[in-house]
Amino acid sequence: MQRTPLIAYANVRKSFPGPAGAVAAVDDVSLEIAEGEFLAIVGGSGSGKTTLLRLTNRLIDADSGTIRIAGDDIGGLEPVGLRRRIGTVFQNGALFPHMTVAANIGITPRLLGTPPAEIASRVDELLDLVQLDRTVHRDRLPHELSGGQRQRVGVARALAASPRIVLMDEPFGALDPLTRDALGNDYRALHERLKLTTVMITHDITEALLLADRIAVMRSGRLIEVGTAAELAVSREPYVAELMTTPRRQAARLAALLPEGGAA
C-alpha cells in the first residue's frame, strides 16, 4: 500500500502583476515529497523556487491548485498556526536583532504557551544540537555572532517547536566555503537524526547534489524534472543536462589543478 506523501503539490499556480500583465511565478506545479525526504529545489533567478517555498507555509496563497500536508489541504488551515508547525530557515539567519540567542530560539515555543522552564531547557538542548557552547552564546545578540553562528541559531530556532517539516531558503548561500560545507553536512546529519522532512531552495546544483535525496529543477515557473543525482546525471532534458555540466566541469578543472594524493 502506497503511503500518503507528507507534502503534495497538485497543479499549483501563482501569478504576480507585471508591466505587461500577470507573470506566472509558479505554473501548474505538481510534486510529492515523502516523509523523511530531503528535497532540494534548484533553478535560476525567476524560476519560481522561492515562490513555491513561500506557498508551502502560506506566506502567500496559491491562485489555484492544492497543497496538502499530511493529507490536509493547507488552504483550510489557519496560516499562523500552520507556520508554527513548520520550521523555516532563512538566508543570514533572519534573527531578531534586539533579542538574545536564547530569546530568538525560544520565541516559537513562547508563542505556543510553553512554560518558561521548558523553553530554557529546550534552548540549551538545541544549542548543544547545533554545536554552539550554551555558556558562551546563550545571552549574546545576533551582531556578536559570526555568519555561521547566526545560521546555526537560525537552524535551532526552526527546530524549537519540534516540527516534522523544515523549509530552507538559500540557508548557506552567504557563508564562506568552509563554513558552508561544514554547516551543510551538520544539517544533513540533523535531518537524519531527527527524522525531518526538509525542502531546501538553492541556486547551487553542487550543494543540492551533495545534500539532497532528490532534486527538483524549476525554470520559468515550471517544474521540468525531479530525480536523484544519478537520474539527473543521465537526463535528456536540455536545461537539466546543461545544469549538470557545472559540477562535472568544476571536478575536471580541480582534478587538473590539484596534485594526486594530498592530505588524508
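Predicted model: local features only at pLDDT ≥ 70, side-chain atom pairs only at ≥ 80, totals over all residues.

Modeller: Residues are numbered from 1 along each chain as its sequence is written, and side-chain values use heavy atoms, with hydrogens and water left out.

Biologist: How many aromatic pairs does a search of the whole structure find?

Modeller: Rings of Phe, Tyr and Trp (its six-membered ring) pair if their centres lie within 6.5 Å; planes under 30 degrees apart are stacked, over 60 edge-to-face, and the rest tilted. The search finds one pair. Phe38 belongs to strand β3 (residues 38–42) and Tyr187 to helix α7 (residues 177–194), so the pair ties together parts 149 residues apart in sequence. Such helices (H or I, at least four residues) and strands (E, at least two) are DSSP runs, numbered from the N terminus.

Biologist: Is Tyr187 buried or exposed?

Modeller: Buried means under 20% relative accessible area, exposed over 50%, and partly exposed in between (1.4 Å probe, protein chains only). Tyr187 is buried at 2% relative accessibility, and Phe38 is buried at 0%.

Biologist: Which residues line the largest cavity?

Modeller: Rolling a probe the size of a water molecule over the atoms shows where empty space is left. A cavity is a set of points, on a 1 Å grid over the protein atoms alone, where a 1.4 Å probe fits but cannot get out; lining residues have an atom within 4 Å of a point. Here the count is one cavity of 30 Å³ or more, and the largest holds about 60 Å³ of space. Its lining includes Leu129, Arg152 and Tyr187. Helix α7 gives the most to this lining, with four residues.

Biologist: Why is helix α1 described as largely enclosed by the rest of the structure?

Modeller: Six of the eight residues of α1 (residues 49–56) are buried, so the helix is largely enclosed. Among the buried residues are Lys49, Leu52 and Thr56. Arg58, which follows α1, has a positive phi near 60°.

Biologist: Where is Leu258 placed, and is Leu258 buried or exposed?

Modeller: Leu258 lies in the segment after α10 (238–257) and is exposed, at 54% relative accessibility.

Notes:
1 Å grid on protein atoms, 1.4 Å probe; cavity = no way out; pocket = protein on both sides within 12 Å on 5 of 7 lines; lining within 4 Å. Points joined across faces, edges and corners; volume = space filled by probe spheres on them.
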